[in-house]
Structures are given as C-alpha cells and as structure tokens.
Amino acid sequence: MNRKATLFFLIGSIVMAALIPLAVIADRRYERTDIPRIAIIPDMDKMPYLKPERSSDLFADHRGMRPHIPGTMAREDFIFDNMAEQRAHPNNWKKDHVVLSNGKQFQRVMYGQVLTNGQASFINHIPIPVTRRLIARGEEQFDIFCAPCHGYNGQGNGTVNIYDSELRAEGESREAGTWVQPSNLTLIGVQALPDGGIYDVVTNGIAAMAAYKDQIPVVDRWAIVSYVRVLGLSQKKVPAYRLPATVRTELTNRK
Amino acid sequence: MSDRPFFVFPRWSDTATKIILAAAVLIPVYLVILLGYGANARTLNVNYQPIQPVAYSHAFHAGKLGINCQYCHTDVKRAAFAALPPTQTCINCHAAIAPHSAALAWIRKSYKTGMPVPWKKVNDLPDYVYFNHAAHVNAGISCLICHGHVNEMTQVYQAKPLNMAWCLQCHRDPAPFLRPRNEVTNLNWTPANKTRLAKDLGLTTATLPKNLGKYLEKRYHIPNSKLLTDCELCHH
C-alpha cells in the first residue's frame, strides 16, 4: 500500500468514527427509548422529599401517599375540594358554595338523606341552590363521568356499550365479559327516583354500576343529578295536543 | 557538509501541516455540532417511553372510546398534581369487561391487595421546579401543548422537552396557545369550527373576537409576562 492510500484510509476511518456519536444522537432524538432523561449535571434534580405518588423507604410498604384509615375522612374531602375549585376559578363557585350550618344539612348534602324518627329516607329535592351555573357544571361533569357508558343523551348507549355490542355481534369469544347495558336515564324508571336516590346511585353505585364517590366531589354529584333531570325533561314524550300551537303547525308542515 | 541546513522538514510535513490546519478548524466545528445537537433538551428529554406494568392504551381508551382525560386524571383542574387513576377507576369497567384478560393481571392483583400499580413516571421535572396543572388548564392551555397527541399514543411518551427555555417561550407570550377553558381536554379542537367556538364562549358567530388569543388572555385574567418570567414563580 502506498502512503497516500494509507492516509486516505486513516482520515476516512476517523470521519466515519466521528459520525457514530451523531448517529447515536439522531437515534436518541427521533426514536422512542426506555432510557429516562439524561441529566448532564444532575445537581438537585432528585431530592429526598416526598412528592405525590412517589415511593418512600420510610414505610414498610413503600407507599409515599398513605392510604385512608378506615372510618375517617380527610378534612379537605368535602369542604376543601370545592374551595380548591373556587380558588382555581375565582368566578365559578363563589355563589354556589355550600354552607354546612348544622348536622342535618350535612346529612342532606353528604348522603342525600333525612332521618325521620330514626328512619333514613332519600330527599326529594337537591339540597343546594340549583342555578344555571350548577346545571352547566352538571352537563360538563356528566359528559366526563357518565357519557362513556350512558351516552351523551343518557339513553344508555355510550361508546363502551357500543364497543361491547360490536364485540358480541362479531361473536368475539376470547373473553366472556359480564357487561350489562347501562340504564336509560331518560325513562320513567330512573326519573321517578327522588333526587337523593339518583345522588345515592352516583355515590355508592348500584348492581353492575360502580361507586363514583372517590372520583366526583359532592357538589359535582348534585350538579350531575340536576343534569340527569334536564336529560329526562328534554327527552320526555309529550302528547302533541300539549305543544304550543306554533310548534304544532310547524311540525305538521314539516315533511 | 557545512552548507547543509541543520534541519530539513521532510516532504510529508507539507501534507501534515494541511491536515493539522484542517483538523484545527474541523474539530471545534464538530464539537460544537456534537454538543449543540447532543446536549440539547430536545435530544435528552423527549421520546422517553418506559415499559409500563400494564399495557394500557390511551389511543384506545381516550381515542376510540373517547373517554375524557378527567375521568381518570380527575384532579387535573383542581390541583397542582394531575394524578394517575387509582385501580378502582379501571375496575369501574373492567369488573365486567375483559375481566380475565392476561393484560390486566396487575390490575386484578392491585385490586385484591390494595397495593398500587407501579406505573413509571413519564414526564418528570427536576424537584427544584414548581409546576401546577390547575393554573395552566384553567387558563385555557390544552394538554395537547405540553403532552402532544396523547389520544393517539398506544403507550405514553414524553412529547415535549419541558426544559426551562421551553416553559419560558410560552410564558413570554401565552396568547397564541390559549383556547376556551372547556375545550382543554378535547385534543382535536380547532378554532376553525366557529359555531362551536361561539357556544364555548357564550357568544354568537357574529360577535366572535378577531384575535382569540388576546381576547382569552383578557377574559381569563392571565398575568403579564413580567410576572410569568419571574424566577420565583417556578423556583421557590
């Protein structure tokens, strides 16, 4: 080999070697990786204090967030979650927040029940002021928590139910689920329940439906009850003669 | 003998000089490229996609089934921390759907023992930075801007660098990133849908503001950029 060839070979390999780090970087930049972020100077990135959902060696089970002690409730569970909302939305809840003046009111708001002669029964009316804002809030929360199963119109055919019936129609046999169709909330069966009864279904669940008390704060549950009433009223079948005359003529003229 | 110079550069030294000069120029350029490209947050932070204990798919649950982010991340509008869903949330459906699936083994185990599923944290800021979800989400900033199209991800990965320059690029001028508050979890939202926009804002299509960003900035009382770039906001 002559000198020139050696030289080219040498420079060539150096250039090729110099490309390797660039290729590694390009791979890191454009491909998914299961290597966590690389801290070049990790100064105080990870400190030993507890952040939410972080594990801790202080406890035998390594749970940094301690579970609830049975029979107790966190102070912020009721009053403060609504206040946090209020802080986040200064003009949202100012007027509607609940004042717990006494134990009776607490019983009505928390459990949707009243005690008469030691006998608990569901209350007929939502125990907090039903405002336009509460109903709007109810619609928003219903769409988040109930619509996947009961559908946006409350008729019991949300996306999960549609998906499940598709699986069944295809004769999908890989999994024998026990899904039952969610109730139609617009029908008399549900609409005849007292407000406290619907609140109780959301809070504690019923038969095949799970409890939502851990996911939805108290005031939002009442907001949802108000919206369930809206769904019922707006989809109620009314005899034609009870409609206003203008609406009736419009309907009869429509082809 | 005596008129011969004391030292003669050999012939190859001409080539060597050229090579050394070229190297003196090229190596610093190379190092700058290497550092700029390699030690940059886009390279170091983005695309982290850990293997999770349960093969849970956002593309299916949040995308195809259309479940709202808040069904699972319930605290995102209320608290600083967005919170992953407890096992009970999955059991709401999975008690009846795919109850014996091998993919859900961890969920059943966790439900039985009460021990949480050891999800791996994907987006993770250094501990000396304070971040608050409620403040951003209630100011009309969508999950999309900071987490990318989660509703199309089979497995979540970090989509944005989340470094300081990235945070500040928005804090200097948040207006272009704003949208109506009740659309923040709708990752397919577009301002082009005028009727929907009017409904969200409680206006009519005729009275829609010309500059949506500036209008929302005023309506949601977004603090000025001087306040939003104060070091103490994020480091305290």
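Colleague: Before we turn to this predicted model, what does buried mean for a residue here?
Modeller: The term rests on relative accessible area, computed with the protein chains only as cover. A residue over 50% is exposed and one in between is partly exposed, whereas buried means under 20%.

Colleague: Which residues of helix α11 of chain B are buried?
Modeller: The helix covers residues 212-219 of chain B, and the cut-off for a buried residue is a relative accessible area under 20%. The residues of α11(B) that count as buried are B:Leu212, B:Gly213, B:Leu216 and B:Glu217.

Colleague: Within what arc do the buried residues of α11(B) fall, seen down its axis?
Modeller: An α-helix has 3.6 residues a turn, so residues three or four places apart point the same way. In α11(B) the buried residues line one face of the helix, because the arc within which they fall, seen down the axis, is 135°.

Colleague: Which helix do the buried residues of α11(B) pack against, and which residue has a side-chain oxygen that reaches the backbone nitrogen of B:Gly213?
Modeller: The packing partner of these buried residues is α10 of chain B, residues 194-201. At the start of α11(B), the backbone nitrogen of B:Gly213 has within 3.2 Å of it a side-chain oxygen, which belongs to B:Asn211.

Colleague: Which residues of helix α9 of chain B are buried, and what covers them?
Modeller: In α9(B), which spans residues 164-171, the buried residues are B:Trp166, B:Leu168, B:Cys170 and B:His171. Their cover includes, from chain B, α7 (133-137), α8 (143-147), α12 (225-228) and α13 (231-234).

Colleague: How many disulfides are found over all chains?
Modeller: A disulfide requires two cysteine sulfur atoms within 2.5 Å. For B:Cys69, the nearest cysteine sulfur is that of B:Cys143, 4.4 Å away, and B:Cys69 is in no disulfide. B:Cys167 is likewise in no disulfide, with the sulfur of B:Cys234 nearest at 6.2 Å. The search of the whole structure gives a disulfide count of 0.

Colleague: Is B:Cys69 buried or partly exposed?
Modeller: Buried would require a relative accessible area under 20%. The relative accessibility of B:Cys69 is 22%, so this cysteine counts as partly exposed.

Notes. Residues numbered from 1 in each chain as written. Chains lettered and ligands numbered in written order. Predicted model: local features only at pLDDT ≥ 70, side-chain atom pairs only at ≥ 80, totals over all residues. Heavy atoms only, no water. Buried < 20%, exposed > 50% of the residue type's maximum accessible area, 1.4 Å probe, protein only. Helix = DSSP H or I, 4+ residues; strand = E, 2+ residues; numbered from the N terminus. Contact = heavy atoms within 4.5 Å. Arc of directions from axis to C-beta. Polar contact = N/O pair within 3.5 Å; in protein donor to acceptor, adjacent residues only side chain to side chain.
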